[in-house]
Amino acid sequence: MKTRNHCHRQPPAGSVRGFSLVELMITMAIGLVLILGAVTIYASGRQNFRTFENIARIQDNGRFALSRLGPDVRLAGYWGRSYEAAFIDVPDELTVTCGGADVTAWALALDEGIGAIDDGYDLPCPAFSAAQADTDVLILRHASSRPATLRAGTLQVQTARTNGVMFDDGLMPAGFLPAPVSETHDVVVHAYYVDQSSSVGDMPSLRRQTLVAGNQIQDQEVIPGVENLQVQFGIDTDDDGTVDRYVDPDHAALTPGAAGFVPTAEITAVRLWLLVRGELREPAYENSATYTPLDGDLAPITPADSFRRMPLSTTIFLRNQ
């Protein structure tokens with residue numbers, strides 16, 4: 001049986017060749033363009049992610065601030081079983097201090113469940129670093145929303161329908177029966193303001209001076225990033241239960257002795273305006289927006305920097321004024 005020999009024929013000399021220099025350069029150029037495109041897409045995606053993350057953080061900080069302010073405002077002027085602050089006795093021996101200074105008269109001004117300072121910081125306690133210029137201060141006084149257990153060292157209020165008394169010794173005051181005839185609540189004093197700094201450094205923050213155990217006023221941070229707080233009061237001037245107009249805290253209608261004072265005016269609602277700033281600068285972004293605060297006395301805010309901002313506002317109707 002014959003076998004067929006298979007022999008491989010070698011290609012003629014000179015027929016095997018690689019890339020020419022021109023082809024190699026074209027291939028490298030195409031590769032560089034593809035790599036540059038991929039890097040550009042990655043950088044753009046990363047920048048977009050940071051932008052969206054920054055916007056989301058601003059929104060979260062703003063919502064958190066409003067979520068803390070809202071319930072606190074609604075409780076302004078609430079004193080448990082008693083609906084009238086004038087019925088509550090404040091013994092002379094009770095004192096509230098701030099940094100060693102006696103601030104009892106300010107802290108326990110129970111007849112002013114809600115108040116505000118317009119465009120400035122004028123509290124008896126020092127600010128955290130320095131109060132932000134042209135921002136308001138919101139002051140709230142009330143009892144805790146839920147009854148509390150008796151605790152020594154905590155300023156509390158015991159109230160029945162027609163009387164009440166403050167105490168801090170943890171003992172049931174004489175002449176009061178236990179719940180449900182009377183109730184024990186913690187006393188709440190909050191003064192919200194905007195500071196130029198925060199716990200994270202050179203960044204504005206919403207803070208509050210608050211009553212804590214030991215009858216001390218303590219400065220606490222609510223949330224960083226809030227750059228401006230403006231307050232307006234909705235007032236009812238004809239006792240029909242509806243807001244007739246919104247005014248600044250220092251408006252003549254609310255200032256006894258001023259021309260235009262309205263003795264029958266009652267604060268029935270609060271309008272809040274916050275300007276929330278991002279935590280980080282965005283090098284590729286320039287904030288050229290104009291923000292108009294509630295206060296008509298203030299000029300529009302034009303930051304012209306690389307921080308994103310977002311204005312937020314809400315209107316809260318009071319329950320206990």
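**Exercise 1. Strand β9 and its partners**

Task: In this predicted model, find which residue of β9 is the bridge partner of His190. Then describe how β9 pairs with β8 and with β10.

Solution. 
Step 1. Look up the bridge of His190: its partner in β9 is Thr210.
Step 2. Take the pairing with β8. Strands β8 and β9 run in the antiparallel sense and share six bridges.
Step 3. Turn to β10, which covers residues 216-224. Its pairing with β9 is antiparallel too, over eight bridges. One of the bridges joins Ser205 to Pro224 in β10.
Step 4. Inspect the connection. β9 and β10 make a hairpin, with three residues between the two strands. Gly214 sits in this turn and has a positive phi of about 85 degrees.
Step 5. Of the eight residues in β9 (residues 205-212), seven are buried, so the strand is largely enclosed by the rest of the structure.

**Exercise 2. Salt bridges**

Task: State how many salt bridges the structure holds. For the pairs Arg63 with Asp60, Arg151 with Asp186 and Arg309 with Glu227, say where the partners lie.

Solution. 
Step 1. A distance counts here if it is within 4 Å, from a side-chain nitrogen of Lys or Arg to a carboxyl oxygen of Asp or Glu.
Step 2. Give the count: there are eight salt bridges.
Step 3. Treat Arg63 and Asp60. Their closest N and O atoms are 2.6 Å apart. Both residues belong to helix α1 (residues 21-74), where they are three residues apart, about one turn of the helix. Asp60 is partly exposed, at a relative accessible area of 41%.
Step 4. Treat Arg151 and Asp186, whose closest N and O atoms are 2.7 Å apart. Arg151 is in the loop between β5 and β6 (156-159), while Asp186 is in strand β8, so the pair ties together parts that are 35 residues apart in sequence. Arg151 is partly exposed, with a relative accessible area of 33%. Asp186 has a value of 18% and is buried, because the limit for buried is under 20%.
Step 5. Treat Arg309 and Glu227. Their side chains meet at 2.7 Å, N to O. The pair links distant parts of the chain, with Arg309 in strand β14 and Glu227 in strand β11 (residues 226-236), 82 residues apart. Both Arg309 and Glu227 are buried.
Step 6. Look for a network. Salt bridges link Arg207, Asp219 and Glu221 in one.

**Exercise 3. Charges and rings**

Task: Find which rings have Arg207 or Arg271 over them. Then classify the ring pair of Tyr83 and Phe87.

Solution. 
Step 1. Start with Arg207, which also takes part in the salt-bridge network. Arg207 lies over the face of Phe128, at 3.7 Å from the ring centre.
Step 2. Continue with Arg271. Its charged end sits over the ring of Tyr246, 3.7 Å from the centre.
Step 3. Move to pairs of rings. Such a pair is described by the distance of the centres and the angle of the planes.
Step 4. Count them: there are two aromatic pairs. In the pair of Tyr83 and Phe87, the ring centres are 6.1 Å apart and the planes stand at 75 degrees, so the pair is edge-to-face. The cut-off for that class is over 60 degrees.
Step 5. Check accessibility. Tyr83 counts as exposed at 63%, whereas Phe87 counts as partly exposed at 33%.

Terms used
Residues are numbered from 1 along each chain as its sequence is written. This is a predicted model: local features need pLDDT of at least 70, side-chain atom pairs count only at pLDDT 80 or more; totals for chains, interfaces and linings use all residues. Side-chain values use heavy atoms; hydrogens and water are left out. Rings of Phe, Tyr and Trp (its six-membered ring) pair if their centres lie within 6.5 Å; planes under 30 degrees apart count as stacked, over 60 as edge-to-face and the rest as tilted. Buried means under 20% relative accessible area, exposed over 50%, partly exposed in between (1.4 Å probe, protein chains only). A charge sits over a ring if NZ of Lys or CZ of Arg is within 6 Å of the ring centre and within 35 degrees of the ring normal. Helices (H or I, at least four residues) and strands (E, at least two) are DSSP runs, numbered from the N terminus. Two strands pair if DSSP finds at least two bridges between them.
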